[in-house]
Amino acid sequence: MTALKLPRGRILRLDSPVVMGILNVTPDSFSDGGSYCQLDSAVKQAKTLLNQGAKIIDIGGESTRPGAPDVSLEDELDRVIPLVKALRASSDCIISIDTSKSEVMRQAIIAGADIINDVRALQEPGAIEVLAQYPEVAICLMHMQGQPRTMQSNPHYDDLFADINEFFAERLGACEQAGIQSERIILDPGFGFGKTLAHNYQILNKFDVFNQFKLPVLAGLSRKSMIGNLLNRDTNERLAGSLAGALIAAQNGAKIIRVHDVQETVDVLSVWQACIKGITNE
Ligand SMILES: Nc1nc2[nH]c(SCC(=O)O)nc2c(=O)[nH]1
């Protein structure tokens, strides 16, 4: 899979990994929560991430960090929809919406979103039906064991990779049943979503296992506790660890790298790509 079809006839080429810039518009997002709540500063930040080389902007109105409280539909809509409209009005960039609520998905798509990024993999009521109505919109299906509130209390797998791949197969089957073509789909093993530290590093190390579905796979480990707990670093001291993780994920087949620190990640991947191109040019 080297390209993802998007609305309005656009194509996202995925011959080499692309960077997805995180733009959280939530008061409690663990990393930059509260700093981009004003619409104009959020649009400005999106433009900054694009100028730094992000190919996708991922807008999140609901923090799904472990233990996060639920966000009402009204609050999530108020946070996300104005930003999608403002960004779409001023840019042709690829807009992803990080949500599990079907009504947020619907309104975001109408407002111009290109990708629905769902950490609950379209399992919430109405979600799969909405995406079936908009066949040109791409979808990221992420694996999570449990729910954000409880997922980190003693995660356990009989067989980590088999369990995740069975989940992907089940979700792909559900999408196919609903008439959603697999060419629209991105898979994501969900770093930190019902995984121990060891699980996260096993997933990173064998990331290419998920390529068996011949679909793009997304890696989202930026500034997460798998970095912080390993290195004993606070959230704003996790850049080096996050860059190491981004590079390893890319080398192990990830096609979309979801990060806070876009410029630094783009630079790291550029050095890696130059190295690879040098080899293949021989
Ligand atoms: N697809 C995808 N979406 C996400 N949304 C978040 S929110 C928590 C955080 O950024 O730490 N994580 C992820 C992820 O790993 N994959």
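Which residue has a polar side-chain atom 2.7 Å from a nitrogen atom of the ligand? Select N117 to find this atom. The model is predicted, so local features need pLDDT of at least 70 and side-chain atom pairs count only at pLDDT 80 or more, while totals for chains, interfaces and linings use all residues. Residues are numbered from 1 along each chain as its sequence is written, and side-chain values use heavy atoms, with hydrogens and water left out.

**The ligand**

Next, select K224, where a polar side-chain atom lies 2.7 Å from an oxygen atom of the ligand. At G220, a polar backbone atom is 3.1 Å from an oxygen atom of the ligand. The protein covers 95% of the 390 Å² of accessible area (Shrake-Rupley method, 1.4 Å probe) that the ligand has on its own.

Now display the 13 residues around the ligand (a heavy atom within 4 Å), of which D98, N117, D188, K224 and R258 come nearest. This shell has six nonpolar, three polar and four charged residues.

**The second largest pocket**

Finally, select helix 9 (262-280), a DSSP run of H or I with at least four residues. Helix 9 gives the most to this lining, with four residues.

Technical notes. Polar contact = N/O pair within 3.5 Å; in protein donor to acceptor, adjacent residues only side chain to side chain. Nonpolar A, V, L, I, M, F, W, Y, C, P; charged D, E, K, R; others polar. Helix = DSSP H or I, 4+ residues; strand = E, 2+ residues; numbered from the N terminus.
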